[in-house]
Amino acid sequence: MENPAPRPPDTIAAIATAPGRGGIGVVRVSGASLIDFAAALCGRVPLPRRAMFSSFLDADGAAIDEGILLYFPSPASFTGEDVLELQGHGGPVVMQMLLERCVALGARLAEPGEFTRRAFLNGKLDLAQAESVADLIEASTAAAARSAVRSLSGRFSEEIRRIVDALIDLRMLVEATLDFPEEEIEFLERARAMPRLDEIRASLEGVLDRARQGALLRSGLNVVLVGEPNVGKSSLLNQLAGEDRAIVTDIAGTTRDALRETIQIEGIPLHIIDTAGLRETADAVERIGIERTWREIERADVIVRLVDACVATTDAALETIDARLPSTAERITVANKIDLCGLVPGRLEGEAGVRLQVSAKSGAGMDLLRAELLRIAGWHAHGEDVILARERHLRALRSALDHVLAAAGQAAALELFAEELRLAQEDLGEITGEFHADDLLGVIFSRFCIGK
């Protein structure tokens with residue numbers, strides 16, 4: 001019995017531009033054959049890859065809007081299917097009317113990420129490239145955007161495939177050797193099996209290191225400023241931000257709620273959170289602010305604990321705060337207001353950790369704080385080679401590296417050696433989508449915006 005012919009994909013449509021009003025709005029349509037669809041919508045047959053000024057018509061032939069019609073026949077389109085882009089005026093009402101007309105012609109509303117998912121399933125993008133589409137849209141810094149563009153162009157995928165090809169070559173060599181057990185060791189030595197494995201390991205370590213840096217570019221660090229009232233947390237936030245974002249007064253307890261500001265250091269987004277001063281208080285509003293402070297502290301990657309450089313702080317006072325700080329967060333003690341007591345900027349490191357001496361008012365020592373935040377983040381410059389990695393990429397790379405290291409310890413048991421290489425290859429295949437589960441695709445593309 002012959003297999004039935006594959007079912008043609010249904011037609012999907014969505015507004016591809018951001019919500020709200022704008023000069024231009026775009027409705028995107030993708031499906032199996034859209035010539036008749038376009039003719040019914042515009043009253044004319046579209047020409048491939050030609051911008052055509054058209055009226056967009058309702059069921060009675062009246063104009064909904066007018067604008068530019070673009071038609072990309074399959075397979076030379078983003079999704080690999082026929083694609084229409086209807087570029088009209090960017091009012092939300094007219095965009096919704098145009099989308100409803102597309103649905104009336106037989107399209108259904110696209111799910112989040114469905115256009116990009118179809119591009120992946122039709123071989124137009126691999127999974128890492130597909131994810132970079134969302135990363136480019138969400139990029140919060142110029143460095144992150146440049147890295148996303150490199151991944152979209154296939155640079156990250158090419159590096160993964162080179163390592164996979166090297167694994168495949170080594171697997172073929174090892175598995176062929178299994179048929180001649182009496183020559184195993186000599187044959188592997190002649191074929192430089194272990195040096196090849198070392199090269200694969202070095203390549204994986206290099207990619208993983210750059211991917212860790214890219215993960216920082218993508219998500220950044222949550223940095224929470226904590227301390228007693230009036231130690232200069234708001235002044236420090238303003239100094240880092242380069243502008244007056246927080247109200248600064250000599251009155252203790254001025255900051256009543258968490259204030260967030262995102263800054264960039266070496267392209268890494270740092271989400272700085274200024275919090276209410278930690279102290280016992282009878283003020284109901286201030287108590288609420290302090291409760292919110294502790295919630296922010298629980299989510300912190302880095303805690304910058306401020307003290308007054310001119311006031312002796314007892315160990316007991318610091319221990320009271322430290323007892324509630326999460327053990328997972330890195331900590332920096334910053335002694336502020338050195339301009340008031342004749343101290344100079346500096347960095348001290350001891351059993352209690354790193355202590356910096358700065359003046360948030362004058363800016364003295366702030367470079368030390370920026371450098372310390374980069375050090376904690378594990379950042380080191382890679383130029384234009386940083387990979388904008390997601391957590392699943394990091395997990396796959398770490399797992400592949402673990403299998404390669406395990407293979408190095410199995411040189412005397414070639415069956416186990418070959419199995420570790422196979423598992424490493426599967427881990428890397430998950431990055432590009434060569435090996436994937438449907439539920440993984442559902443999770444990935446559900447996080448895209450509608451229209452992508």
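This is a predicted model: local features need pLDDT of at least 70, side-chain atom pairs count only at pLDDT 80 or more; totals for chains, interfaces and linings use all residues.
A disulfide is a pair of cysteine sulfur atoms within 2.5 Å.

Start with the bonded pair. The structure holds 1 disulfide. Its partners are C310 and C341, with an S to S distance of 2.4 Å. That distance counts as a disulfide because the two sulfur atoms must lie within 2.5 Å. The angle about the S-S bond is -85°, and the link of C310 and C341 is left-handed.

Now look at what the link connects. C310 sits in the loop between β10 (302–308) and α11 (315–322). C341 sits in another stretch, the loop between β11 (330–336) and β12 (346–350). The pair therefore ties together parts that are 31 residues apart in sequence.

How accessible are the two partners? C310 has a relative accessible area of 36%, so it is partly exposed. C341 is also partly exposed, at 30% relative accessibility.

The cut-off for a disulfide is 2.5 Å.

Are C42 and C102 buried or exposed? C42 is buried, with 8% relative accessibility. C102 is buried as well, at 0%. Buried means under 20% relative accessible area, so both values qualify.

Conventions. Residues are numbered from 1 along each chain as its sequence is written. Side-chain values use heavy atoms; hydrogens and water are left out. Helices (H or I, at least four residues) and strands (E, at least two) are DSSP runs, numbered from the N terminus. Buried means under 20% relative accessible area, exposed over 50%, partly exposed in between (1.4 Å probe, protein chains only).
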